Amino acid sequence: MAAASRDQALSLLAAANNHGDLAVKLSSLKQVRGILSSADPSLAAELFPYLVELQSSPESLVRKSLIETIEDIGLKAMEHSSILVPVLLAFLRDGDSRVAGKSIVCGTNFFCRVLEEITMQFRWHGKVERWLEELWTWMVRFKDAVFAIALEPGLVGTKLLALKFLETHVLLFTSDSNDFENFTKEGSKQTFNISWLSGGHPFLDPVSLTSEANRMLGTLMDLLQSACNLPGSVIITVVNW
């Protein structure tokens, strides 16, 4: 990142954090996103510590925009995104349901991408780098937190997004032999499936992951047994599942 661009991004981050006008804050954060998206990931990562300071913004629209920025630049600079993902975890309990919901959606995308990267890195290089192991640890924490949101009383809109994550989780860890055939073709871009781990993995245990997915499916089936106590939209979501 050129020195001028870095200085401009720092100035815009300061405005996004401290300016009195909400429109200026949002505009400044949008410009920061553009600068970081076009920069080399390793250089853009130098500004990540300043970016995450915005998580304490009192304006929910700024926090929501921060999540969008994290998703945009974090997935492009995954090697450096361990500092960004904890923000998503914190925002799951945000007082504004729009922020919490956006965090679930963004975290779901991270979860899928990290799984793909972990599997492909081991498949093609025979090892998984330390930064990716650390990122997976954060993804496990995210998964556990979203599971809790899905199964506890709370706002329906947030719960529906959490249930959608559970659906994704079960599908990821339910074996599909067709997906494995696609995975064995180097360069093929497919959504992760547990069948990719049939050859073994240093820390992803397919038996344990499949068992967890089966337990979660059973839990959701149990929800239907108490359908009279659930909002109609939640029942419809689980049935459509």
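The side chains of Asp-144 and Lys-143 meet in a salt bridge (2.9 Å, N to O), meaning a side-chain nitrogen of Lys or Arg within 4 Å of a carboxyl oxygen of Asp or Glu. This is a predicted model, where local features need pLDDT of at least 70, side-chain atom pairs count only at pLDDT 80 or more, and totals for chains, interfaces and linings use all residues. Residues are numbered from 1 along each chain as its sequence is written, and side-chain values use heavy atoms, with hydrogens and water left out.

**Salt bridges**
- Lys-143 counts as buried at 8% relative accessibility, whereas Asp-144 is partly exposed at 41% (buried is under 20% relative accessible area, exposed over 50%, partly exposed in between, with a 1.4 Å probe and protein chains only).
- Asp-72 and Lys-76 also pair up, at 3.6 Å, N to O; Asp-72 is partly exposed at 27% and Lys-76 is partly exposed at 48%.
- Arg-33, Lys-64 and Glu-68 form a salt-bridge network.
- By this rule the count comes to 11 salt bridges.

**Helix α8**
- Helix α8 covers residues 130-151, and its end C-alpha atoms are 32 Å apart, in agreement with the 32 Å that its 22 residues should span at 1.5 Å a residue.
- Its buried residues include Trp-131, Trp-136, Trp-138 and Lys-143.
- Among the elements covering those buried residues are α7 (97-125) and α11 (206-225).

**Two domains**
- The domain assignment gives domain 1 (8-80) and domain 2 (104-177 + 189-240).
- Their C-alpha centres lie 28 Å apart.
- Across the interface of domain 1 and domain 2, the rule finds zero salt bridges.

Terms used
Helix = DSSP H or I, 4+ residues; strand = E, 2+ residues; numbered from the N terminus. Expected span 1.5 Å × (residues − 1). Contact = heavy atoms within 4.5 Å. Domains from an automatic or database assignment.
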